[in-house]
Amino acid sequence: MSLSSAVPASIRQLLLEHSAGRGLWLVGGAVRDNLLNRPSQDLDFVVDGEARPLARTLATALEGHYFDLDPERDAGRIVRPVRAEGVATLDFARLRGSSILEDLVGRDFTINALATALDAPDQLVDSGSGLQDLRDRR
């Protein structure tokens, strides 16, 4: 199983360059969709550190527009025209809790409580039974 195609290479490279020194995980629906071999135009990221400043910086690099989603919870969004990469929105939120597992446990469905670190895309983080629930079509 490889999640390396979940984030287009050109976007992955920018994300890794701008997030050096902090954890950055792709989470939720894009991970689920990738495991189901479906394309996803929306990418959600969890950042170990300040999320909105990172998103603001990346908006310029990705030729998109930045919007605050939730200043109290440090969440922001980049909206951009769909290009060859097929990605229209990128959401960034600060890590909730002390680890990615703790963050994922608070999500709505097990199949959305999946993550992969951008610097280790072949390692799935599953806080419970999300992968098995996908296999079982639950």
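We'll go from a helix to a loop residue and then to a pocket.

Bear in mind as you look around that this is a predicted model.

**Stop 1: helix α3.** Select residues 51–61, which make up α3. Now colour its buried residues: Ala51, Arg52, Leu54, Ala55, Leu58 and Ala59. Look down the axis and you'll see them on the same side of α3, because they cover an arc of only 155 degrees around it. What do they pack against? Bring up α1 (9–18) and the strands β1 (24–27), β2 (42–47), β3, β4 and β5 (89–94): the buried residues of α3 pack against these elements.

**Stop 2: aspartate 74.** Next, pick aspartate 74, in the loop between β3 (65–70) and β4 (75–79). Is this aspartate buried or exposed? With a relative accessible area of 7%, under the 20% cut-off, aspartate 74 counts as buried. Show its contacts, skipping neighbours within four places in sequence, and you get Gly49, Glu50, Ala51, Arg52, Pro53, Phe92, Ala93 and Arg94. Ala51 and Arg52 in that list are also among the buried residues of α3 from the previous stop.

Stop 3: Finally, turn to the second largest pocket, with a volume of about 150 Å³. To centre your view, select Ser5, Ala6, Arg38, Pro39 and Ser40, the closest to the pocket's centre of the 13 residues that line it. Colour the lining by class and you'll find five nonpolar, five polar and three charged residues.

Conventions
Residues are numbered from 1 along each chain as its sequence is written. This is a predicted model: local features need pLDDT of at least 70, side-chain atom pairs count only at pLDDT 80 or more; totals for chains, interfaces and linings use all residues. Side-chain values use heavy atoms; hydrogens and water are left out. Helices (H or I, at least four residues) and strands (E, at least two) are DSSP runs, numbered from the N terminus. Buried means under 20% relative accessible area, exposed over 50%, partly exposed in between (1.4 Å probe, protein chains only). Contact means heavy atoms within 4.5 Å. The arc is that of the directions from the helix axis to the C-beta atoms. On a 1 Å grid over the protein atoms alone, a cavity is a set of points where a 1.4 Å probe fits but cannot get out, and a pocket is an open set with protein on both sides within 12 Å along at least five of seven lines; lining residues have an atom within 4 Å of a point. Grid points are joined across faces, edges and corners, and a volume is the space filled by probe spheres set on the points. Ala, Val, Leu, Ile, Met, Phe, Trp, Tyr, Cys and Pro count as nonpolar, Asp, Glu, Lys and Arg as charged, and the others, Gly among them, as polar.
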